[in-house]
Amino acid sequence: MNNRVELNRGNRIFLACIYWAFVLYVFVPLILMIIMGFKDSKFIGFPIRSWTLDWYKGVFSDAEVLYTFGYSVAIAILSTLISVIVGTWIAVLLEGRKFWGRAVTFALMVLPALVPGIISAIAFRIYARWLGIEPGMGAIVWAHAVHNVPFVCLVVMARLSTLPKSQIEAARDLGADPLIAFMRITLPYLVPAILGSSIFCLLLSFDDFVRSFFLGGYEPTLPVLIFAMLRSGMSPEINAIATVALVLTAAVGIWAERFTRRTNKESQA
Amino acid sequence: MTYDASVRKDSDGHAVASGPRPFWGRVANWGPYRAFAVFLTASPRRQFFILAAFPILWLLTQHLGPMLQMLRVSLIDAYPVAPGTPQEFTLDNYMRFFGDSIFWMPFFRTLTFAAVFTFCTLIITYPVAYFLARHVSRKNQMLFLLLLLIPFWVGEIVRTYAIMILLGNTGAVNLVLKWFGLIDRPIPFMYTSFSMGVGIVYLTALYMLLPLYSALEKLPQSMNEAAADLGAGAWTRFRRISLPLTIEGISSGCTLVFLISTGFYATPVLLGGPSTTVFAETIAGFFHVAGDEWPTGAAFAVIMFAAALVITGVFQKLMYMLRKGDTR
């Protein structure tokens, strides 16, 4: 018995070391990147001899960078609105309903999430040209919206599957037609899933590079701008821009995680 | 069928005396809405068609449409199609792939890289997921998982850049190695398959970690205890219990990571060098020019997608058979 406990402890310490090493692996690069943004020199790399805030001042006074931020946020919001409406609608169709061709419909629904990035980007590029959509904001919004639909749909379907059917039946018995029952029972019940997945879509769209790159016009989104700057060399200015983007996305992500956890707990209680 | 809104009630069903009619009550009794609702719900069949029409249309035109259009463009001989001229269908675009090693070399390189990187991701994240699911108390699990999730909300480009800084000639790894006196001059990590691997594993780790974690979490602790009581060592328990029972998680994680890593474009461009050109760069090359090369690019994309699907399909089948074999 003692032997077993000893063995387990050895295992646990070994695994804990691996876990913390992995934490280092995922955090250290980002931390280094943030530190570099404060270096008072044009050259990225160690050692750092003096520090400055000039790169950040530069970012917040650079009209082009600020415009790009706004442009990316606008694209993220618009595409998320579309994804959420369409994704929820498809989820309502697919969840708990048996009909001919349901399996195929489901497969079609998840397709955009499974297509590798580059292939999805050029397929959208070709299709946009065929439809006559010019590269630019509209094309990016459309591509992001289509790409993000499966994520909304899967999350909403998961939530929908836990909706107590009795509530809908009660509403119907009390005389509500299906539409009113949906608006007053189903939709409020889905709110946490819809909000959670829309935050996820916002982040996906804001962070997306490959679709924005191939469908963009002359105005870059933020990842495309960083990519273009990187092609011409590393500079602490890029670190400052990337850090601002990082703080923004991580903050939104953490907030959303806490929010969904809380609402899940509430609805379980 | 009428929603009686004339009597307003509170949550316990008691009538509330006065005040304006509730919003939904007014909607329900509004003439045009009534007509609309009756039209929608006249029969279950009609109701279903109205519910299904838009999603089906969307899925066909938006999800399937781009794929089919890509397939069509890959088969035509001239693009953009000049008005008035009949289009000829041809397989020439596909034939170009086999004709030149600068095309199929990156293709096989991409598949090899994707397979190797997927395997590395699995090896790295399995112990992490195992630790999270088995050795961390329920209360802390979410906290520990959340800690790992934070970096994954950060975008692909930013994280790729972070790896560039880490591995550069004046980067942190070289600095540390120099510090300890292990090297005199910096090791050129960047622009090699190594730097690309570090970057891609960094980007995909989460997609492996989550399926593994959810598979391991479902595994009953009692099984491990029983095996331990019967004298099985840690390695035997892992090989005979945890591994077979988490094959489903392994298989879906690997499939996801493989598909994702074949599709990376920016990461190989930024972290790789001339000797590590991947097929995504080859495909993208056809789309930088005006359009006459698009059919070839489309054909190459179709080849790559088909290959990735076949490989992941065979892999899943193998894993399925392995699972079947083990339970017997």
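## Domains of chain B and basis of the model

The domain assignment of chain B, whose bounds come from an automatic or database domain assignment, gives domain 1 (1-42) and domain 2 (92-327). The C-alpha centres of domain 1 of chain B and domain 2 of chain B are 55 Å apart.

This is a predicted model, in which local features need pLDDT of at least 70 and side-chain atom pairs count only at pLDDT 80 or more, while totals for chains, interfaces and linings use all residues. Residues are numbered from 1 along each chain as its sequence is written, chains are lettered from A and ligands numbered from 1 in the order in which they are written, and side-chain values use heavy atoms, with hydrogens and water left out.

## The interface of chain A and chain B

The size of an interface is often given as the accessible area lost when the parts come together. Between chain A and chain B the buried area (the accessible area, with a 1.4 Å probe, that two parts lose on being put together, summed over both) is about 8400 Å², and carbon and sulfur atoms give 79% of this area. In chain A, the residues that lose the most area to chain B are A:Tyr19, A:Phe22 and A:Ile126, together 8% of what that side buries. The contact, defined by heavy atoms within 4.5 Å, takes 85 residues from chain A and 99 residues from chain B.

Across this interface there are 13 residue pairs in polar contact, both residues being at pLDDT 80 or more. A polar contact here is a pair of N or O atoms within 3.5 Å; within protein, one must be able to donate a hydrogen and the other to accept it, and residues adjacent in sequence count only if both atoms are side-chain atoms. Helix α1 (residues 2-36) of chain A supplies 20 residues, the largest share of the side of chain A that touches chain B. Helices (H or I, at least four residues) and strands (E, at least two) are DSSP runs, numbered from the N terminus. The count of salt bridges between chain A and chain B is 0, a salt bridge being a side-chain nitrogen of Lys or Arg within 4 Å of a carboxyl oxygen of Asp or Glu.

Side chains of opposite charge can pair when their charged atoms come close. The structure holds 4 salt bridges over all chains. One of them joins A:Asp54 to A:Lys57, with the closest N and O atoms 3.8 Å apart; both residues lie in helix α2 (residues 54-61) of chain A, 3 residues apart, about one turn of the helix. A:Asp54 is partly exposed at 46% relative accessible area, and A:Lys57 is exposed at 56%, where buried means under 20% relative accessible area, exposed over 50%, and partly exposed in between (1.4 Å probe, protein chains only).

Another salt bridge joins the side chains of A:Arg211 and A:Asp208 at 3.1 Å, N to O. Here A:Arg211 is buried, with a relative accessible area of 6%, and A:Asp208 is also buried, at 9%. Both residues are in contact with A:His144, which, leaving aside its neighbours within four places in sequence, also contacts A:Ile75, A:Ser79, A:Ser83, A:Ser205 and A:Ser212. A:His144 is placed in helix α6 (residues 137-160) of chain A and counts as buried at 3% relative accessibility. A:His144 and A:Leu78 are 66 residues apart in sequence and 9.3 Å apart in space, C-alpha to C-alpha.

## Helix α4 of chain B

In helix α4 (residues 92-99) of chain B, B:Asn93, B:Tyr94 and B:Phe97 are buried. These residues lie on the same side of α4(B) because they cover an arc of only 105 degrees around the axis, the arc being that of the directions from the helix axis to the C-beta atoms. The face turned away from this buried side carries the exposed residues B:Asp92, B:Met95, B:Phe98 and B:Gly99. The backbone nitrogen of B:Asp92 lies 2.8 Å from a polar atom of the side chain of B:Thr90. B:Thr90 belongs to the loop between α3 (44-75) and α4 of chain B and counts as buried at 15% relative accessibility. Not counting residues up to four places away in sequence, B:Thr90 touches B:Ser74, B:Leu75, B:Ile76 and B:Asp77.

B:Arg96, also in helix α4 of chain B, forms a salt bridge with B:Glu293, the closest N and O atoms being 3.0 Å apart. This pair links distant parts of the chain, 197 residues apart, with B:Glu293 in the loop between α14 (279-285) and α15 (294-327) of chain B. B:Glu293 is partly exposed at 28% relative accessible area, as is B:Arg96 at 34%. Not counting residues up to four places away in sequence, B:Arg96 touches B:Phe103, B:Phe286, B:Glu293, B:Thr296 and B:Phe300.
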